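This briefing covers backbone geometry, chain contacts, a sheet and a domain division. The topics follow in that order.

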Amino acid sequence: MSLMDRIKDCLGTDLIEISEFRGDVCVEIPKNRVIEAMTSLKEKGGFDFLSDVFGVDNIDLYAAKAKKAKKKKKGEEEEEEPKKQGPPPPRFEVIYLLLSLKTNERLQVRVRVPEDSMDVPSVTGIWKAATWPEREAFDMYGFKFKGHPNLRRLLMWDEFKDHPLRKDYPLEGKGEERHLNYDTV
Amino acid sequence: MNFQAIQGEGWLLCKAEQLINWGRSRSPWPFPYGTACCGIELMCALASGYDMARFGAERVAFTPRQCDVLIEAGTITKKMVPVLKRIYDQMAEPKWVIAVGACACTGGVFRTYSTQQGIGSIIPVDIYIPGCPPRPEGILYALLKLIDKIEADHPLYKKRQQVVEALEAGK
Amino acid sequence: MAKEIETVCVTTGPAEVGDYVALNIGPIHPAMHGTLRVITRTDGETIISAEPEIGYLHRGVEKLGENLTYRQFLPLTDRLNYCSAICNNVAYELAVEKALGIEVPEKAQLLRIIMMELARIADHQVLVGILGVDLGALTPFFYLIIQREEIYEIFEWHHGARLTNSMGTIGGVEAELPDRFHEKWPKMRDSIRKANDETDRLLTHNRIWMDRTIGVNAFCADDALNWGFTGPMLRACGVKRDLRKDEPYLMYDKFDFEVPTGKHGDVFDRYMIRMLEMEESIKIIDQAYAMYQDMPDDAPLMKKVPKIIKPPEGQIYHAIESPNGELGFFIKSDGTDKPYRIKIRPPCYMVYQAFGELVQGEMISDLIACLSSINVIAGELDR
């Protein structure tokens, strides 16, 4: 049984999409079923090791795609106006990198997170390895991991307001400085 | 420096400033503030092979209160800025600072939201060493340059100027 | 008293204080390599809880990567784990090559292996030396650092840099082994072995060393896997896992080498594994060098890669066995010349997050031993 079939078997109805690129399999699961899907992947699928958890901000990707599509349409049929198609796709995604220690197979699990509801179930109950990566994802993107024991900023200092890895945050920052009054640090 | 020694009687004739500078320049105890890659090269410069102790940096002081030269090797992030300022303020006068590497000088390649663009805006720096990271020879050369700078200093004159200024301000 | 210290030093630490003394170690402290900070609550000398605070070297490498082209990002990978920069370079190159779907010529693969294993030796030598310094044995550090200078010399001959190497490029390696390497290597192999042997004689059966390391911070394999340990830290717990064997990349499946494992996961096992791995690395270099010499002189070193690299849209993850463990690069490409998202999976990050659990119930002096044996490199920890 191939890896794809096994994952399909293991996830059942929780599977939204499965794709493969250069041998890396990526599955998408719904946000509210993270705990159940991960547990079944760990126990039934044999993916017993969590490599990493991190976020991705897709806003620029969607913008570039929309621009491309618009250009194409203009070239082909100028008369037809671009229609609005439903709600925009969720802006963020959380990616979990899983690994099976027995078969040495790797799996990417993707959860799409819309901007207006940033809470994601925390997987720290399944793997303790998610503790810091989830804190970092909160720090960098602002995901609120529900059930995380200690969700604080990890890399930036506490008074920092923004989430720097979001695409709309400038590379050189917004001029934040840490106060030099070290008595309180 | 030039001592004029009169033999036989055990007299030593020189300027007080020269004597002070001689003492200071021959024992610049470093505080190795290594944060990143340059810290590894600083380690090489301090260890066997390059051996910075040859130039008087014999005792690596790990407490800021017992050191003369703060060797800041590596990137300073904005989160680290208050710590660096605090360490510098804890050092006793006279004190000097060497900034090792591009990150400490200007921020280097890391022109980002979290990196301090050079430590010159936080603490006064005496010697800047370029390089990413500079070789241990570069660090040794900087120390020699610092020794030259210390020898050309006028500690007593400066002290007197300070007193005069304070008195004038008091009037 | 305890409360005062807590308010001064701890702005982010655990709130409750109780009858324990809060002790803040770092971020600038001789035993905290680089910029690490640990906030502990102690009862006498015993640690009740310890919480590491990181981010003092967060330079925004991942954000910078999104704004640079694929080739421009390569020098930044040096600055992640600066003790073994070549492993970072090769890990990134392999990740981009995977995204492009190419494989480099065999001669370049051998060159990469030789240089990576030399970097592994250098990294382990620093670790063993510093572990000795932190536990009060200064001499091995001086023996090993002289040896490391010779490895740096080879790096300098080959690609012109001592520490931040930026070796190779996407698609291959620029230069062949320098001629001087052929004379140097047999001598150097002996001198590395000699230095290791001296260190071994000074430390391994030393009574003080054994008392300070055996049984300190013992960790069991299940916990280690749950916390995401990889590399020597995991192997010290008795799990035989090495990406060079388990998920072979480059030509590692053609070499004959052992994967040393420990039993108890204590500081002594971690130290021993590093010492044994250096010997295995020498074996790998010998085999790779023999294969390299059998190659024809005009064998290609580079695969033809377009000047502007544009991997097709998609996301890949590729991991290698760096001296500290699994070092992975996740690259999401949107089809342009800049990566859409780069995520680095540093090996010591996963280990260091379990630090509180590792040192709980130990003495403060053992905390220092534990920290040194993990080999936390602030550059790759904070990125």
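Pro133(B) sits in the loop of chain B between strand E6 (127-129) and helix H5 (136-151); helices (H or I, at least four residues) and strands (E, at least two) are DSSP runs, numbered from the N terminus. The peptide bond that joins Cys132(B) to Pro133(B) is cis, with omega about -10 degrees. The model is predicted: local features need pLDDT of at least 70, side-chain atom pairs count only at pLDDT 80 or more, and totals for chains, interfaces and linings use all residues. Residues are numbered from 1 along each chain as its sequence is written, while chains are lettered from A and ligands numbered from 1 in the order in which they are written.

**Backbone geometry**

- Most peptide bonds are trans, and most residues other than glycine have a negative phi.
- Another cis peptide bond runs from Glu93(B) to Pro94(B), with omega near -5 degrees.
- Pro94(B) is placed in the loop between helix H3 (81-90) and strand E5 (96-100) of chain B.
- Arg22(A), a residue other than glycine, has a positive phi near 50 degrees.
- The loop that holds Arg22(A) lies between strand E1 (17-21) and strand E2 (24-28) of chain A.
- Arg22(A) is partly exposed because 15 other C-beta atoms lie within 10 Å; a residue is buried at 20 or more other C-beta atoms within 10 Å of its own, exposed at 12 or fewer, and partly exposed in between, with C-beta atoms placed from the backbone.
- Asn104(A) also has a positive phi, near 60 degrees.
- In chain A, Asn104(A) belongs to the loop between strand E4 (92-99) and strand E5 (106-113).
- Asn104(A) has 13 C-beta neighbours inside 10 Å and therefore counts as partly exposed.

**Contacts between chains**

- Between chains A and B, the contact takes 12 residues from chain A and 10 residues from chain B, where two residues are in contact if their C-beta atoms, placed from the backbone, lie within 7 Å.
- The side of chain A that touches chain B has 7 nonpolar, 1 polar and 4 charged residues; Ala, Val, Leu, Ile, Met, Phe, Trp, Tyr, Cys and Pro count as nonpolar, Asp, Glu, Lys and Arg as charged, and the others, Gly among them, as polar.
- Chain C has 27 residues in contact with 28 residues of chain B.
- On the side of chain C that touches chain B, at least two residues each come from helix H2 (61-66), helix H6 (139-159) and helix H16 (378-382) of chain C.
- H6(C) gives the largest share of that side, 5 residues.
- By class, the side of chain C that touches chain B has 15 nonpolar, 7 polar and 5 charged residues.

**Sheet in chain C**

- An open sheet of 3 strands in chain C has the order E1-E2-E3 and antiparallel pairing; two strands pair if DSSP finds at least two bridges between them.
- Strand E1 (21-25) and strand E3 (46-53) of chain C are the edge strands, each pairing on one side only.
- E1(C) and strand E2 (residues 37-43) of chain C run antiparallel and are joined by 5 bridges.
- Val21(C) has Thr42(C) in E2(C) as its bridge partner.

**Domains of chain C**

- Chain C is divided into domain 1 (2-53) and domain 2 (61-382), with bounds from an automatic or database domain assignment.
- The C-alpha centres of domain 1 and domain 2 of chain C are 31 Å apart.
- Their contact takes 14 residues from domain 1 of chain C and 16 residues from domain 2 of chain C.
- E3(C) supplies 6 residues, the largest share of the side of domain 1 of chain C that touches domain 2 of chain C.
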